Structures are given as structure tokens and as C-alpha cells.
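Dear colleague,

I am handing over the structure we spoke about, and I would be grateful if you could look through it slowly before reading my notes below.

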Amino acid sequence: MKTIWITGGSSGIGLATAKEFLFNEWQVIISSSNKEKLENAKKKLSQTQNINLLHIIPCDISNEKNVKDTINHIETHIGKIDLALLNASAYSPNKNQIFDISNYELLIDVNIKGTLYCINTLKDYMNGRNNTIAIISSPLGYRGWPTAGAYGISKAAQLSLSESLYFDFKKLNINIRVICPGFIDTEATRKNSFKMPFLKSAEYAGKKIFDRLTKGKEFEIIFPYLIVYFFKFTRILPYRIYFFIWKQLGNF
Ligand SMILES: NC(=O)c1ccc[n+]([C@@H]2O[C@H](COP(=O)([O-])OP(=O)(O)OC[C@H]3O[C@@H](n4cnc5c(N)ncnc54)[C@H](OP(=O)(O)O)[C@@H]3O)[C@@H](O)[C@H]2O)c1
């Protein structure tokens with residue numbers, strides 16, 4: 001039996017993905033920073049097939065010791081982690097476009113430093129085992145979006161990190177993969193004040209993530225294709241055109 005550790009598994013994409021892996025007879029450990037939310041997630045999953053394979057362990061990924069202790073606990077008492085899905089993320093859109101340093105600090109601590117803390121401990125256990133670390137980034141990391149400075153830099157950092165570690169971790173026999181979903185209906189995106197094109201459910205995302213992580217080996221997993229390819233395309237647009245599009249969309 002294989003084991004997956006999902007950070008941020010108490011809601012949204014993480015929770016839906018946990019459900020898929022459980023259904024497919026994986027041992028699943030979900031973590032998040034809020035113990036109550038995690039208990040509620042367990043209740044939500046209680047009707048799922050193979051619920052006996054679920055473990056919940058509170059872990060705030062922005063706390064390095066907490067991350068180390070959690071991974072040590074899983075590896076020692078539950079099972080070797082075959083797949084780590086680094087999904088946990090803080091998200092706070094800034095629709096009033098006010099530069100708030102504490103928001104930047106929060107997103108750097110959780111999304112960047114938290115991801116690094118997980119990788120730092122995982123690599124010691126996974127070294128030589130042909131295991132996988134999958135990082136959930138976002139198309140918002142492709143280019144700078146208005147109102148998304150803090151989130152954008154954290155997601156761009158995760159993308160760049162994934163590309164670098166794809167090369168560097170080959171020596172450790174650890175596979176690095178990156179996931180960039182389009183708009184998915186979750187607690188996070190319900191904070192958005194704009195209409196999200198091609199919005200999909202968390203269940204859709206969970207199924208895509210399960211299928212592509214377990215049935216394929218590609219570095220990058222994106223879905224739905226149309227919208228994410230559109231975001232990818234904006235990467236090559238000259239600033240003049242990129243800024244013009246945003247002006248048409250929201251008078252930015
Ligand atoms: N939804 C989308 O459209 C979309 C699109 C592209 C990429 N993504 C990415 O997909 C991932 C999941 O997002 P989502 O939309 O499912 O959001 P979500 O429903 O808000 O879930 C975020 C999860 O992260 C956990 N979390 C937050 N801070 C944490 C911390 N310090 N330590 C540990 N866990 C923490 C939350 O639980 P606690 O509050 O209990 O800690 C929650 O379980 C994120 O990486 C996001 O950037 C989402």
C-alpha cells in the first residue's frame with residue numbers, strides 16, 4: 001500500500017484529492033494548521049470508502065519544527081511517504097491595491113518558506129527511494145497580476161523552485177512535479193471579487209490530480225487546458241500588450 005502526505009488537506013483541492021486517493025486505497029495523511037478544520041475534514045470524509053486509511057495530523061508548515069516533527073512522526077509511526085503533495089497555501093487577494101507588508105510576510109512564510117521546510121525534511125527521508133514531491137503552484141505565478149502581488153510572488157517562487165529542483169533532485173532519485181490548476185471553486189477563490197472563467201469544482205481538481213500523479217510521469221500537470229494555456233501564452237506577450245489587456249479587463 002502506498003502513502004501520500006497532503007499539506008493543506010482540510011479543505012478545497014487538498015481535501016478533494018485526499019478523497020480520491022483514499023477511494024483508490026492509498027494510505028492518506030492530511031495536515032493543516034487548524035485542528036478543528038482538520039477534524040471537520042475527517043467528518044466530511046467519513047462516508048468515503050477506506051476511511052480507515054486516513055490519518056490527520058495538525059501541522060503549520062510555516063513552523064519549521066512542526067514540519068520536521070510531523071514528517072518524522074509519519075515516517076516512524078505510519079509509513080514511508082511515497083508521495084508528498086505540497087498543497088497548503090495562504091491566499092489573500094488585495095482588491096483595494098493597498099501595499100500591506102504583513103500580507104507579503106504571511107504569504108512568504110507559508111507559501112515559500114513553508115514549502116521549503118517541507119522539502120528540506122522530506123529530502124532526507126526520500127533520498128534514493130524514487131519518491132515524488134508534487135508542488136501546487138498557480139498560473140498566477142506566470143506573470144504579475146493586479147491585486148495579487150503577494151500571492152503572485154509566492155506562486156512564481158514555487159514554479160521556479162520546482163524547475164530547479166527537478167534537475168537537482170535527480171541525484172537524490174526524488175521526482176519533482178508541479179501542478180498549476182486553473183480556477184477551482186474553493187474557500188480561497190470565494191474571496192475573489194471577479195468572475196472566474198472556466199471555474200471547476202474541487203472534486204474535478206482532485207480527480208485530475210489523482211489521475212495525472214498516479215498514471216503519468218510528466219513534470220507539469222495543468223487543468224483545464226484551455227484557460228491555463230491562455231495564461232501560459234500571456235508569458236510571451238510584450239508589456240505593451242499585456243498591460244493593454246488588463247486595462248480592458250478592469251481599468252488597471
Ligand atoms: N482554487 C484555485 O483556483 C487554485 C488555482 C491555482 C492554484 N491553487 C493552489 O491550490 C492549493 C490549494 O488551494 P485551495 O484553493 O484548495 O485553497 P483552500 O481551500 O483555502 O485550502 C488551503 C489549505 O491550506 C491550509 N493552510 C493554510 N495555511 C496553512 C499553514 N500555515 N500550514 C498548513 N496548512 C495551511 C488550509 O488549512 P488551515 O486553514 O487549517 O491551515 C487549507 O487546508 C494552493 O496551493 C493554491 O495556491 C488554487
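Where is the place of Asn 251? Asn 251 sits in the segment after α8 (239-250), where helices (H or I, at least four residues) and strands (E, at least two) are DSSP runs, numbered from the N terminus. Please keep in mind that this is a predicted model, in which local features need pLDDT of at least 70, side-chain atom pairs count only at pLDDT 80 or more, and totals for chains, interfaces and linings use all residues. Residues are numbered from 1 along each chain as its sequence is written.

Backbone features

Most residues other than glycine have a negative phi, and most peptide bonds are trans. Asn 251, however, has a phi near 55 degrees, which is a positive value in a residue other than glycine. Asn 251 is also exposed, because 7 other C-beta atoms lie within 10 Å; a residue is called buried if 20 or more other C-beta atoms lie within 10 Å of its own, exposed if 12 or fewer, and partly exposed in between, with C-beta atoms placed from the backbone. Asn 173, in the loop between α5 and β6 (174-181), has a positive phi as well, near 60 degrees, and Asn 173 is exposed, with 12 other C-beta atoms within 10 Å. A cis peptide bond, with omega about -20 degrees, joins Phe 223 and Pro 224, and Pro 224 is found in the loop between β9 (220-223) and α7 (225-234).

Two helix pairs

Two packed helices are described by the angle between their axes and the distance between the axes. The axes of α4 and helix α5 (residues 149-168) come within 9 Å and cross at roughly 15 degrees, the axes being lines fitted to C-alpha atoms, for helices over the stretch in contact, with angles that run from 0 to 180 degrees between N-to-C directions. That makes α4 roughly parallel to α5, since angles under 35 degrees count as roughly parallel, over 145 as roughly antiparallel, 65 to 115 as roughly perpendicular and the rest as oblique. The residues that make the contact include Asn 103 and Tyr 104 of α4 and Ala 150 and Tyr 151 of α5, two residues being in contact if their C-beta atoms, placed from the backbone, lie within 7 Å. By class, this contact of α4 with α5 has 7 nonpolar, 5 polar and no charged residues; Ala, Val, Leu, Ile, Met, Phe, Trp, Tyr, Cys and Pro count as nonpolar, Asp, Glu, Lys and Arg as charged, and the others, Gly among them, as polar.

The axes of α1 and helix α6 (residues 202-215) come within 8 Å and cross at roughly 55 degrees, and α1 and α6 are therefore oblique to each other. Among the residues that meet there are Gly 12 and Ile 13 in α1 and Ala 202 and Glu 203 in α6. By class, the contact of α1 with α6 has 8 nonpolar, 3 polar and 4 charged residues.

A loop residue

Ser 92 is placed in the loop between β4 (83-86) and α4, and with 15 C-beta neighbours inside 10 Å it counts as partly exposed. Leaving aside its neighbours within four places in sequence, Ser 92 is in contact with Asn 103 and Ala 150.

The ligand

By class, the shell around the ligand has 11 nonpolar, 17 polar and 3 charged residues.
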